[in-house]
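Please examine the sequence and structure shown here.

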Amino acid sequence: MAILTKKFDVVVVGAGGSGLRAALQLSEAGLSVAVLTKVFPTRSHTVAAQGGIGASLGNMAEDNWHYHFYDTVKGSDWLGDQDAIEFMCREAPKVVYELEHFGMPFDRNPDGTIYQRPFGGHSANYGEKPVPRACAAADRTGHALLHTLYQRNVRANTQFFVEWMALDLLRDEEGDVLGVTALEMETGEVMNLQAKITLFATGGAGRIFAASTNAFINTGDGLGMAARAGIPLEDMEFWQFHPTGVAGAGVLITEGVRGEGGILRNCNGERFMERYAPTLKDLAPRDFVSRSMDQEIKEGRGCGPNKDHVMLDVTHIGKETIMKRLPSIFEIAKKFANVDASKEMIPVVPTIHYQMGGIPTNVHGQVVVPADPSNAMESGNKVVKGFYAVGECSCVSVHGANRLGTNSLLDLVVFGRAAGNHIVEAIKSFPVDHKVLPKDAADKTLARLNRFQSNTSGENAQDVADAIRATMQQHAAVFRTQDTLNKGVTEIMKVAQRVNNIQVKDPSKVFNTALVEALEVDNLIEVAKATMVSAAARTECRGAHAVYDYEHGADHPDFPLGRNDKEWMKHTLWYAEGNRLDYKPVNLKPLTVDTVPPKPRTF
Ligand SMILES: Cc1cc2nc3c(=O)[nH]c(=O)nc-3n(C[C@H](O)[C@H](O)[C@H](O)COP(=O)(O)OP(=O)(O)OC[C@H]3O[C@@H](n4cnc5c(N)ncnc54)[C@H](O)[C@@H]3O)c2cc1C
């Protein structure tokens, strides 16, 4: 069936911080840019970011990008690529000052410089003590950032397609990416949006878990689309549990609370992080803090009638500071935990927050795959022509096995900007005309839509989505065991069968939210499979991937923390086709400085 085609220089899918930062470079360079988004741009999940954006400005204590680089490598448990990490940390001050000049309303110090607070894993002098590096706009930094970037895009005449959902990648026989198929939700019409370059900025997929700090729209659509188009997903076993989700609600309490002096306590009132991380204490990286909390709960020192959470204490920092630096947290504590944070402690529990893995890219945002798929460990990367990815959906990889707080907002603007610049240059050497779109380019999308609506019996998308979430929650938690992971693979494959059987009973065209939900489940399941299969294969502990069986290095006496660099210092690549895994090496070579050699992680 022929469908309408619209043509642009660049199609950007996603209007969060990364998509908008890239789109700004493109529009300002005079390219025709379409930005697609499922929701109004300023409702993208970036708006929910609270604590800050990391940059070694050194406004409040001595700091420089070398320390930031070291902290990020160590935070990543040596799985991050050191060239990309150097690139990001060096660019950080520049992109933050640029945001300031765009009008982003940062908090200020008395001398007029940008206010910075300490954050988990960020230290001075290579791990010596916490350093204030998170540039903050109260506890609404993402809100300030996203609105600033949106306004700049309006000024640059970026064309927005709001409430449009991208459905599948368009590729030709040579494998070049030629755009996307997309659904206009208001009319139910499906179109080809053809482009010389397609950039994915679709954000994370935290909604594969039942308890999550993520927005409901974070269903991993970009990852699903890439996986279905034959592109592998990198490092999908690594999911960050944020230490402080409100117990029972999942809503996030920023790490900035601990940056401002907040303390975690167990049922005895003990500041237990002093035992686990004597130097950084409550400001150790998130994987470390989440596991310590889990340990306290498992050993019976949890709080509440079920002893299933711990307490976050800010009662000692004073109401004035709370209202000035953490006003939203005060509100969240009241609304979701019914406590007055200036007088009572907030019940918190580790909650799924961020995916470290994603679509593999280089520092220019270009999507890369192994040059020789039969020898990925040695062949190096090859660029997928016409395809870029930035932000949480991508894996460049700066976060490795564990992201440091504030490094995501930073990643969005550094790589959004870098990808924008690279595309502006690349497009100059493109022919004036677009490549020919194969006649059957949209067939897979149409078959998918047809499947939902022609199934005359079957399940609700919602029930299948719930099954995915329950399976992930049960089998890929803070602490994993080899047995739960192996069973998780079997279970998620069973749920995948059910996805084929989803029926959309509502035939309407206009704002058919049941159809949108069913289309999202097609993406959730790819991300869930990638996560389970990659996690079951990695027989070690690294960063956020903590498996009891290897925790104390039982099988690896050389690696007391369970990390096995000899066999596992490599990235996983998961292919949807055949549910296949492959691996590629970690880049331990930075751009200009010396490598940070692997060592055991203590804080
Ligand atoms: C509660 C919370 C607090 C956080 N706090 C911080 C913090 O203080 N500091 C920090 O560094 N990080 C923080 N993070 C992480 C950080 O905010 C996110 O990683 C980041 O904002 C993701 O940005 P993004 O541009 O990749 O995607 P998002 O902002 O998630 O935007 C994704 C965009 O893609 C669009 N989209 C998705 N699928 C489709 C589709 N199929 N078709 C069309 N459009 C689509 C959406 O509509 C949206 O516009 C926080 C995260 C959360 C959840």
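Helix H3 passes helix H4 in a left-handed crossing. The model is predicted, and within it H3 spans residues 82-102 while H4 spans residues 141-155. Their axes come within 10 Å and cross at roughly 65°. Because angles of 65 to 115 degrees count as roughly perpendicular, H3 is described as roughly perpendicular to H4. On the H3 side, Leu-99, His-101 and Phe-102 take part in the meeting of the two helices; their counterparts in H4 are Leu-145, Thr-148, Leu-149 and Arg-152.

Attention now moves to Arg-286. An unreviewed UniProt entry carries the annotation "active site" for Arg-286. This residue lies in helix H8, which covers residues 286-298. Its relative accessibility is 5%, so Arg-286 counts as buried, the cut-off being under 20%. Leaving aside residues up to four places away in sequence, Arg-286 touches several others, among them Phe-119, Phe-241, Glu-255, His-353 and Arg-403. Gln-240 is also one of the residues touched, and the side chains of Arg-286 and Gln-240 make a polar contact of 3.0 Å.

The second residue is His-571, located in strand E21 (residues 570-575). With a relative accessibility of 0%, His-571 therefore counts as buried too. The side chain of His-571 is joined to that of Glu-234 by a polar contact of 3.3 Å. Beyond four places in sequence, the residues that His-571 touches include Leu-79, Asp-81, Asp-235, Ser-397 and Arg-538, as well as Asp-582, Tyr-583, Lys-584, Pro-585 and Val-586.

Conventions:
Residues numbered from 1 in each chain as written. Predicted model: local features only at pLDDT ≥ 70, side-chain atom pairs only at ≥ 80, totals over all residues. Heavy atoms only, no water. UniProt positions renumbered as here; feature names shortened; annotations may be inferred. Helix = DSSP H or I, 4+ residues; strand = E, 2+ residues; numbered from the N terminus. Buried < 20%, exposed > 50% of the residue type's maximum accessible area, 1.4 Å probe, protein only. Contact = heavy atoms within 4.5 Å. Polar contact = N/O pair within 3.5 Å; in protein donor to acceptor, adjacent residues only side chain to side chain. Axes fitted to C-alpha atoms, helices over the stretch in contact; angles between N-to-C directions. Parallel < 35°, antiparallel > 145°, perpendicular 65-115°, else oblique. Left-handed = near helix turned anticlockwise from the far one by under 90°.
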